[in-house]
Amino acid sequence: MNSFIDVFEQYSWDQVRRRLDQVTLQDVERSLCKQQRSLDDFINLISPAASVKLETMAKLAQQLTRKRFGKTIQLYAPLYLSNECQNICTYCGFSLDNSIKRKTLSDTELMIEATVLKSMGVNHVLLVSGEANKTVGVSYFLNAIKLLRPHFANISIEVQPLSEEEYCLLHDAGVNAVLVYQETYHQEVYKEYHPKGKKSNFNFRLDTPDRVGRAGIHKIGLGVLLGLEDWRVDSFFNALHIDYLQKQYWKSRFSVSFPRLRPAEGIIEPNFIMSDKDLLQLICAYRIWNEDLEISISTRENETFRDHIVSLGATAMSAASKTNPGGYAVDKESLEQFETSDDRSMEEIKAVIRNAGYDPVMKDWDPVYSRTKSTYDRTGNE
Ligand code: SF4
């Protein structure tokens with residue numbers, strides 16, 4: 001069975017680090033002039049040497065995004081189902097060793113939260129939970145999706161890694177996208193950030209997008225937690241992962257997110273500070289390398305950064321997000337996973353997008369496009 005692990009094992013963190021430091025300005029200029037770009041070009045574009053070319057990169061990223069996606073930004077909002085978690089992650093407010101009040105939404109509470117999102121015009125919803133298989137496992141998700149499916153055009157999930165069979169069940173229930181972040185590809189230090197729980201199994205997590213792809217999920221979202229380790233090396237491995245997946249599961253779409261470590265109760269300080277300029281370089285590099293990749297920007301980022309990124313490569317943004325279960329109506333004071341930086345309303349974000357000359361899109365998917373197992377088997381045959 002194919003797995004990204006086989007590809008990953010051919011690379012070493014230190015070699016990639018050295019390669020990044022060897023990039024010259026001429027290498028960067030050569031990559032910028034090409035029509036088709038490889039992972040070598042991606043390395044050139046995220047290198048320290050490329051930082052002086054940021055203006056050129058931003059213009060190119062803008063052109064390529066407009067050519068492929070038009071002047072549109074897809075809007076979505078997260079719906080936190082639960083803050084229960086069986087893992088210790090040193091950077092997260094939901095960590096098992098953090099003594100907070102735990103909450104999992106009941107059916108009634110779920111629908112109250114959904115009603116608030118619908119009143120804000122949200123049609124694409126991202127369901128998020130901690131990793132607590134016993135209380136918030138597949139049967140909980142299937143029930144939540146059944147309740148929400150009639151009300152939302154598109155449902156994405158960001159929950160614990162599951163088995164291929166479980167992803168098949170979620171696909172058939174109407175899940176359109178699965179987001180799973182490796183957090184860091186630095187295998188030697190991964191265990192220090194994830195000392196306890198199922199998440200401490202590096203390879204099981206690394207193999208997760210393969211299981212999602214084999215289950216035929218329409219869209220797969222990847223990312224690393226920026227701030228844990230050297231963002232350039234981690235981003236190379238994330239791009240390597242996307243490159244592999246796109247070839248392997250070519251019927252799926254792919255997105256990348258850029259979560260920067262944000263303050264939350266009881267968590268560590270960032271190990272590596274990533275500036276706004278660094279983040280812009282990274283986003284432009286992804287776009288120039290990969291014209292089809294969807295680029296998603298969350299409310300972790302501040303208002304100024306988000307206002308500028310609308311026209312520089314983003315294709316999707318969350319808005320008016322609450323990162324705690326019940327945060328929209330049921331239990332506004334429950335503990336949030338992280339502090340958001342942009343607390344503007346959905347209407348305010350739409351106005352920002354329109355002022356930039358772009359169209360905010362609340363719905364670009366209809367459940368009728370979601371083929372289930374009964375109409376379309378996973379080998380692609382009708
Ligand atoms: S990052 Fe995820 S798995 Fe880790 S503590 Fe937070 S919710 Fe749990």
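**Basis and terms**

On a 1 Å grid over the protein atoms alone, a pocket is an open set of points with protein on both sides within 12 Å along at least five of seven lines, whereas a cavity is a set of points where a 1.4 Å probe fits but cannot get out; lining residues have an atom within 4 Å of a point. Grid points are joined across faces, edges and corners, and a volume is the space filled by probe spheres set on the points.

The model is predicted, with pLDDT of at least 70 needed for local features and 80 or more for side-chain atom pairs, while totals for chains, interfaces and linings use all residues. Residues are numbered from 1 along each chain as its sequence is written, and side-chain values use heavy atoms, leaving out hydrogens and water.

**The largest pocket**

The largest pocket holds about 600 Å³ of space, and of its 31 lining residues Gln74, Lys219, Arg253, Glu294 and Ala316 are the closest to its centre. Among the elements that give two or more residues to this lining are α5, β1 (72-82) and β7 (294-297) (helices, H or I, of at least four residues and strands, E, of at least two are DSSP runs numbered from the N terminus), and β6 gives the most, with four residues.

In α3 (residues 25-33), Asp27, Val28, Ser31 and Leu32 are buried (under 20% relative accessible area, with exposed meaning over 50% and partly exposed in between, for a 1.4 Å probe and protein chains only). Seen down the axis of α3, these buried residues fall within an arc of 135 degrees, so they line one face of the helix; the arc is that of the directions from the helix axis to the C-beta atoms. Arg30 and Cys33 are exposed on the other side.

Phe258 and Tyr286 touch the most other members of the largest nonpolar core, which has 102 residues (a core is a set of buried Ala, Val, Leu, Ile, Met, Phe, Trp, Tyr and Cys residues joined through side-chain atoms within 4.5 Å). A second, separate core of 20 residues includes Cys89, Cys92, Tyr181 and Leu225.
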